[in-house]
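Open the model in your viewer and keep the selection tool at hand. The stops below say what to select and what is there.

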Amino acid sequence: MGLLSDPQCRRALARLLLRLNTPLCVLSYLAGLTWFLLLPALAPRTYLSENAMGSTMVGEGSDLGPRALALARDFGAHKRKVGGMPVEWLEQTMFQLGLEVHRQPFSRTLPFPDEAHERYLVRGTNVFGVLRAPRAASTEALLLLVPGSEGSKNNQAVGLLLALAGYCRGQVYWAKDLIFLVTEHDLLGTQAWLEAYHDVNLTGIHSGGVPGRAGAIQAALALELSSDVLTSVDVAVEGLNGQVPNLDLLTLFHSFCLKSGLLCTFQGKLPPPEGPSGPGYAQSLRTMGLMVLGQAGGGPGGAHGLFLRFRIEALTLRGINSFRQHKFHLGALGRTLEGMFRKLNNLLERLHQSYFLYLLPSLSRFVSIGSYMPALGLLLLVLVLRSDEGEGDPPPEEARGGLLWLLPPILVSGGAGAALYLLPVRGQAVATQHFPVGEAEAVVLALIGIYVAGMALPHSTHRWVRGCPTRGWMTLKLLALLALALLLTCLALLNFSLGFLLGATLVPPAAAVRPGGSRLPLAILLVLTTPGLSLFLAVLLERELLEAPAGLGEAWQRFLGALGQGLLQEHLHGAHLSPLLCLGAYPCWLLLWNVLFWK
Amino acid sequence: MTQAGCVRWRRQRQCWQVSHYRLFPKALGRLVAALGVRELHLALTQGFWRTRYWGQPPLQAPAGAELWVWFQPTVTDVDKAWKELSNILSGIFCASLNFIDSTNTVIPTASFKPLGLANGTDHHLLRYAVLPREVVCTENLTPWKKLLPCGSKAGLAVLLKAERLFHSSYHSQAVHIRPICRDASCLAVSWELRQTLTVVFDFFSSGQGKKDWSLFKMFSRTLTDTCPLASQSKVYVDISPKNKEKELLEVSPPPTSVHEAIVQGEKKTYAVYDLLSPLLFNTSRSLNVQLKWKRPQDSSEMPIPTLHAQRYVAGYGLQTGEICTLIYNTHPYRAFPVILLETVPWYLRLYVHTLTIITKGKENKPSYIHYQPAQDRRRPHLLEMLIQLPANSVTKITIQFERALLKWTEYPPDPNHGFYVGSSVLSALVPSVTAMKDMDVEQSPLFASLFPSSDGSSYFVRLYTEPLLVNLPTPDFSMPYNVICLTCTVVAVCYGSFYNLLTRTFHVEEPSRGGLAKRLANVIRKFRGVPPL
C-alpha cells in the first residue's frame with residue numbers, strides 16, 4: 001500500500017488508468033466474457049459431500065411398475081368422471097394404503113387472465129397423505145409431490161406416487177415422516193399448500209389450513225410423468241428467483257441414475273462424452289447457457305422451485321418419452337425414488353454440506369461460485385474504471401453551484417420505471433374499457449407501450465433542467481454507472497445468471513455512451529441492449545440452444561407470452577424479475593439514454 | 001390398527017422412611033428418603049402419541065424424557081436436591097437425565113399438582129423438566145425391568161422383550177412414586193411405586209390390513225405363570241363395542257370375567273384374564289390372548305377425542321418465526337377450561353406482546369396467565385395460561401419469536417439438525433359424554449386410577465403436543481480457518497494502510513538531481529564521517 005501513500009506513485013497510477021482507460025475497459029470486458037465461456041471446460045466433477053448419504057448402502061426392493069400403471073389408470077378414469085381432481089377417490093385410496101389423509105382447499109383470483117393456462121378464477125383442492133414414521137415424533141419429514149394438471153397430464157406420476165406410498169408403508173426403517181402430496185392446478189396448488197403448511201400468506205391466496213403436519217420438511221421431490229414407459233428422466237434444478245437446491249441432492253439423483261442405468265438428462269441434454277473434445281465443450285456450453293437463461297428468468301423451473309424459499313431442498317424429475325429405442329418401465333423410476341428417499345431418510349442434519357450456488361455445464365460437472373464470480377467481477381470492473389474517467393479533467397466551475405439540476409432526470413426515469421411496474425396491471429380495467437382488447441393483451445400491450453414511450457423522455461426532461469453546467473452529462477453518467485454497478489453487484493449475490501446477462505448487455509453501452517459526435521451508432525447500441533430487447537433476444541437464444549430455432553414471428557409470440565408470465569409470476573409466486581427490471585434496470589438504462597441525448 | 005398394551009404394578013410400603021425392601025426397589029427407596037422426595041414422576045418415551053387418531057391416551061408422555069418431582073417441605077435447597085436427583089436417576093435408568101439443568105427446568109404454578117397425599121401445594125417445591133432429544137432404547141428398558149420384584153423372569157414381565165417392544169410405533173415407560181393412604185381410614189401412609197409401559201404396535205403391514213392381534217404376535221411370547229410375589233395379576237382387553245351394533249370382535253380364550261368401567265368419560269368393557277385364577281391355566285399351559293375382528297372394518301372411524309391439539313412452527317427464514325398451537329374442543333355443547341404450559345428454550349426469544357389467542361374469530365382472553373421470561377443461558381421461558389375453550393371450537397394460540405445467534409462453542413456437533421423445543425402440556429378437566437358413577441377405587445382397573453377424578457361429570461386429561469424442531473442461524477463450521485485468514489488479511493492490509501494514509505503528513509520532496517553520483521558521494525562521506533550532502 002506504499003503505492004497509495006506515495007503521492008507520486010498515486011498520481012502516476014491515476015495517469016496510467018486514465019491514459020489506458022479505454023483499452024483496459026475493453027480488455028476487462030473481453031476477459032469477463034472469455035472467463036465465462038471457459039467455465040464449462042474447467043468444471044470439476046460433482047461429488048457427494050454428505051456422509052450420511054454417501055457411504056451408507058441402501059437396496060431398492062420395490063417393483064412398482066404394474067401397480068403404478070393400474071393406479072394411474074384408475075386415477076385417470078376417476079379424473080375424467082369427476083371432471084377435475086378426484087378428491088374423494090384419492091382420499092379413499094390413500095386411506096386404504098394406510099396413510100393419514102388430509103385435504104386442503106384453496107382459491108385464487110389471478111390479477112389478469114392467464115392465457116397460457118387458460119385460467120382466471122382458480123379453485124382447487126390439494127390432497128396429501130402422511131406416512132408417520134414409527135417411533136419418531138414427527139419433527140422431520142420428506143415430501144413427494146405430483147403437481148396435478150388438467151387433462152391426462154401427470155396421471156402416471158400420481159399412480160407411481162400411490163404405488164410408492166403403498167410400498168413405503170410396509171417398510172419399518174423410516175425415521176422421518178413421508179408426505180405424499182397431489183396438488184391441483186400445478187404450481188398454484190403447490191404454492192397454496194406450502195403457504196398453508198408454513199402458515200404464512202405471501203401472495204394473497206385464500207386457502208384452508210393444513211390439518212396435519214409433520215414438522216420441518218428436509219427435502220422434497222416433484223415428479224412429472226405422463227407416459228406408461230419412459231426413455232429418460234430430465235431433472236430441473238432452477239427455482240424461484242434463481243435459487244438452486246443443495247448440490248448434494250442433485251448428486252444423489254445422479255448417483256442413482258448411474259446405479260440403475262436410467263438415462264438421465266439435464267436441460268434435456270445427456271452428459272457429454274469425457275475429454276476435452278470440441279463437441280463435448282460445445283454441448284456443455286449449450287447446457288450451461290440454458291441453465292443460465294432459465295435461472296435468469298427467475299421463474300420456478302418446476303413445482304420444486306417454490307420449495308426453495310422455505311429452505312426445503314427440492315428437485316423436479318420429469319419422465320420423458322421420446323423416440324429412443326430403449327424404454328424403461330415405471331418400476332425403474334420407482335426404484336430410483338425409493339433409493340433417494342431411503343438415503344434422504346438417513347440424513348442426520350438438513351442438507352448443508354455441499355454448494356448452494358453453482359452452475360451446471362452437465363449433470364456430472366459443476367461450476368462453483370468461486371469460479372464464476374470473477375466473470376461478473378471483470379464486467380463490473382469496467383464500470384468502476386469508467387466512473388473515474390472524468391477525474392483527470394479539471395472540475396467544471398459551475399458544478400459547485402449545486403446538484404439540484406440532477407433531480408429532474410433522476411425523478412423522470414425513476415417515475416417511468418414505477419409507471420412501467422404499476423400501470424399495466426392496475427390500469428387493465430381502464431385499458432379494456434377504451435380499447436377492444438382482452439385483459440391479458442391489454443396488460444402486455446400497456447407494458448410495451450409504456451416501455452417505448454419512456455424512450456421519449458430525455459426531450460421532455462431537458463425543458464426542466466435549469467442551471468445545468470456544460471459538462472453536466474458527466475455527473476449524470478457517473479450516477480448512471482454507479483447505479484448500474486450497485487444493481488449488478490446486488491444481483492451477483494442474489495441471482496448470478498441475471499446479473500451476468502444484464503452486465504454483458506448493459507456494460508458496453510454504459511461505458512461508451514457520451515453526447516455529441518455521431519449519435520447514431522451509440523443509439524443503435526443502446527436500443528439493442530435495452531432490457532426489453534435483451535429479453536426478446538434471450539427468447540431467440542433459448543430456442544437456438546434447444547436446437548429448435550424459432551422464426552421472428554414465433555419468437556415474438558413467445559416474447560409476449562414471457563412478458564405476461566413474468567408479470568403473473570410476480571403476483572402468484574413472488575418472483576423478483578419484473579420489479580428488478582422495471583425499477584432497477586430500466587431507469588438505469590433511461591439515464592444512459594438521457595446522457596446520449598444531452599444538449 | 002393399534003392396540004395399547006399396559007402393564008402395571010403396585011406395591012405399598014411404610015411411610016416417609018422407606019424401611020422394608022421386600023417389594024420396593026432399594027435404589028429408589030433410598031433415593032426418596034435421602035433427597036426428601038415426596039413425589040416422583042419419570043417417563044421415557046420414544047415416538048409421539050397421536051391423540052387425534054389413536055384416541056385419548058391412558059397415560060401420555062412427551063417424546064424424550066420427562067421428569068417432575070415434588071420435594072418435601074423440609075428440603076432447604078430444592079435446586080441442589082433436584083440436581084442431585086436427576087444425576088442419580090440418570091445413573092439408575094441409563095438416560096441422559098444429567099443434562100437437566102437450570103436452562104431446561106421450570107417451576108410450573110398450575111399445571112402439575114401432587115397426585116398423592118399432600119398437605120401443601122407450594123409450587124416452589126416442584127421441579128419440571130423435559131429433554132425432547134432423549135432417545136429411548138434397550139439400555140433404558142433393562143434397568144426399568146429390574147425394578148420389578150420378579151424382574152423379567154416371571155409374570156407379565158416375561159412379555160417385555162426389547163426386540164419386540166422397540167419394533168413399535170410408540171413406546172413409553174414410566175415410573176411414578178407417590179404417597180397414598182394405606183386403607184380407607186387413611187391413618188397410615190404407604191409409598192406407591194407404579195411402573196407403566198405403553199406400547200403401540202402397528203400391524204398394518206404385517207397383517208395385510210387386518211387388525212387382528214395376539215399376545216404371541218406382539219411379543220413373540222405367551223404368558224405361562226405369575227410372579228409369586230404378586231397379589232393381583234390381570235390382563236385387560238378393551239372389547240367395548242364401537243357403535244351400538246352387535247359385537248364385531250371376539251377374544252379367545254374366553255376371559256375369566258368381563259368388567260365394565262367408565263374410563264375417561266367413555267363406557268368401556270374389558271375382558272379380564274386373572275392370571276391368579278387357577279381356571280385359566282387348566283386347559284393349556286400358556287395363555288395367548290387373541291383378538292379377531294368378525295368382519296373387516298371398511299372405515300375405522302375412531303371417535304375424535306373431545307380434546308386434542310396440534311403445534312407447529314410457522315413462518316420461514318432464520319430470523320423470526322411463530323409458535324402456533326391449535327387446541328380443539330369437539331364437545332358438542334360443553335365448554336371447559338384448559339391449562340396450557342409452554343416451556344421454550346432461551347435461544348428462542350419470545351415476543352410476549354405478540355401473544356394472541358383466537359377462538360372462532362374472536363380474541364379469547366386467558367383468565368390466568370403466568371409468564372416468566374427467559375434469561376440467556378440460565379433459564380427458559382415459562383408461559384402458563386388458563387384458557388376457556390368454547391364448545392365445538394378451535395383455539396389458535398400464536399406467539400412470535402426471534403432466533404438467537406449462539407456463541408460458536410454453544411452449538412452441538414450437529415447444528416444443522418435443528419434445536420428441539422419440548423412439548424407443551426395441556427391439562428384439563430374434560431366433561432364426559434356419559435355420566436360417571438362414583439366408582440370404588442379398588443374395583444377399577446389399576447390404569448384408571450392414577451389421576452384423581454374430581455366429580456362424576458368430568459375426568460382429568462393431560463395431553464402433550466408435538467415437540468418442535470427449530471433451525472437457528474448456524475455459521476458454516478468448516479469456515480473458521482478461511483474466516484480467520486481473510487479477516488487477518490483484511491485487517492492487516494486495509495487497516496494498516498488506511499491508518500497510514502490518514503495519520504501521516506505528506507510533504508512534497510523536491511526531486512533530487514544527479515541521483516547516482518550524489519548517492520556515491522554520500523556513501524564515501526559516510527565512511528569519512530562527514531555529514532552527507
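**Stop 1: Ala418(A)**

Select Ala418(A): leaving aside residues up to four places away in sequence, Ala418(A) touches Leu423(A) and Leu583(A), where contact means heavy atoms within 4.5 Å. This is a predicted model, in which local features need pLDDT of at least 70 and side-chain atom pairs count only at pLDDT 80 or more, while totals for chains, interfaces and linings use all residues; side-chain values use heavy atoms, with hydrogens and water left out. Residues are numbered from 1 along each chain as its sequence is written, and chains are lettered from A and ligands numbered from 1 in the order in which they are written.

Ala418(A) lies in helix α13 (residues 407-426) of chain A. Helices (H or I, at least four residues) and strands (E, at least two) are DSSP runs, numbered from the N terminus. With a relative accessible area of 26%, Ala418(A) is partly exposed; buried means under 20%, exposed over 50%, and partly exposed in between (1.4 Å probe, protein chains only).

**Stop 2: two helices of chain A**

Select residues 496-512 (helix α18) and 577-596 (helix α22) of chain A; their axes come within 11 Å and cross at roughly 10°. The α18(A) helix is therefore roughly parallel to α22(A), since angles under 35 degrees count as roughly parallel, over 145 as roughly antiparallel, 65 to 115 as roughly perpendicular and the rest as oblique. Axes are lines fitted to C-alpha atoms, for helices over the stretch in contact, and angles run from 0 to 180 degrees between N-to-C directions.

Which residues make the contact? From α18(A) they are Leu498(A), Leu502(A), Leu506(A) and Ala510(A), and from α22(A) Leu577(A), Leu580(A), Leu581(A), Ala585(A), Trp589(A) and Leu592(A). Of the residues in this contact, ten are nonpolar, none polar and none charged. Here Ala, Val, Leu, Ile, Met, Phe, Trp, Tyr, Cys and Pro count as nonpolar, Asp, Glu, Lys and Arg as charged, and the others, Gly among them, as polar.

**Stop 3: cysteines**

Over all chains, the structure has two disulfides, a disulfide being a pair of cysteine sulfur atoms within 2.5 Å.

Select Cys257(A) and Cys264(A), which are joined with S to S at 1.8 Å. Their link is left-handed, with -85° about the S-S bond. Cys257(A) is buried at 3% relative accessibility, and Cys264(A) is buried at 6%.

Move to chain B and select Cys150(B) and Cys227(B), joined with S to S at 1.7 Å. The torsion about their S-S bond is about 60°, so this disulfide is right-handed. The pair links distant parts of the chain, 77 residues apart: Cys150(B) is in the loop between α4 (138-146) and α5 (162-165) of chain B, and Cys227(B) in the loop between α6 (215-219) and β9 (234-238) of chain B. Cys150(B) counts as buried at 16% relative accessibility, as does Cys227(B) at 7%.

Cys25(A) is in no disulfide, and its nearest cysteine sulfur, that of Cys588(A), is 17 Å away.

**Stop 4: where the chains meet**

Show both chains: 40 residues from chain B and 37 residues from chain A take part in the contact. Chain B and chain A bury about 3200 Å² between them, 54% of it on carbon and sulfur atoms; buried area is the accessible area (1.4 Å probe) that two parts lose on being put together, summed over both.
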